[in-house]
Amino acid sequence: AFTSAGTKLTIDDAGLATFSNGIAFQSATTGSGTGTGYTLDAYEEGTWTPTQGSFTTWTSPVFTATYVKIGKLVQVNCFQTSGTIDPGGIQKTIGGFPFAVANRASCALTNDGPTLAATALIYPGSIMYVKENIGSQTAFVFSAVYLTA
């Protein structure tokens, strides 16, 4: 293992590097020698729970819903493994995203067939609007990427 007093980098015997304050990047400059720097200081993985929003039917759905957050970038995945959901029309919502949504993002969703596909928009307020009527689902699946505030 390598650790040095005053150094913010540790490398363990397996080669895993740990940065105590994140990784700083300096933006490209145009001869002035200055630029805006950025620090990658957040990485997180976890699970989240989709919420009903305005879906008409939400009968005991069970989801495998995961996320990865790197800085402000969030990727969510969701797969319904049992129960039944049905929007009961168009422009219906699902909530519960793991981090606040900063800007609109789009995604596609389908059943696990895949015999049905639809589009959706993710809005600030952490709500996904399903554009088309996807009908009754027991295997709803989607993946999306958005920016958090």
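Biologist: How many aromatic pairs does the structure hold?

Modeller: Nine aromatic pairs. Rings of Phe, Tyr and Trp (its six-membered ring) pair if their centres lie within 6.5 Å; planes under 30 degrees apart count as stacked, over 60 as edge-to-face and the rest as tilted. Mind that this is a predicted model: local features need pLDDT of at least 70, side-chain atom pairs count only at pLDDT 80 or more, and totals for chains, interfaces and linings use all residues. Numbering starts from 1 along each chain as its sequence is written, and side-chain values use heavy atoms, with hydrogens and water left out.

Biologist: Why is the pair of Trp48 and Phe97 stacked?

Modeller: Their ring centres are 5.1 Å apart and the planes are at 20°, so the pair is stacked.

Biologist: Buried or exposed, Trp48?

Modeller: Trp48 counts as buried, at 7% relative accessibility. Buried means under 20% relative accessible area, exposed over 50%, partly exposed in between (1.4 Å probe, protein chains only). Phe97 also counts as buried, at 7%.

Biologist: And what about Phe140 and Phe142?

Modeller: Their centres are 5.7 Å apart with planes at 65°, so that pair is edge-to-face. Both Phe140 and Phe142 are buried.

Biologist: Which residues do ring pairs link into a cluster?

Modeller: Trp48, Phe97, Phe140, Phe142 and Tyr146.

Biologist: Switching topic. Which ring does the charged end of Lys69 sit over?

Modeller: The ring of Phe99, 5.4 Å from its centre. The cut-offs: NZ of Lys or CZ of Arg within 6 Å of the ring centre and within 35 degrees of the ring normal.
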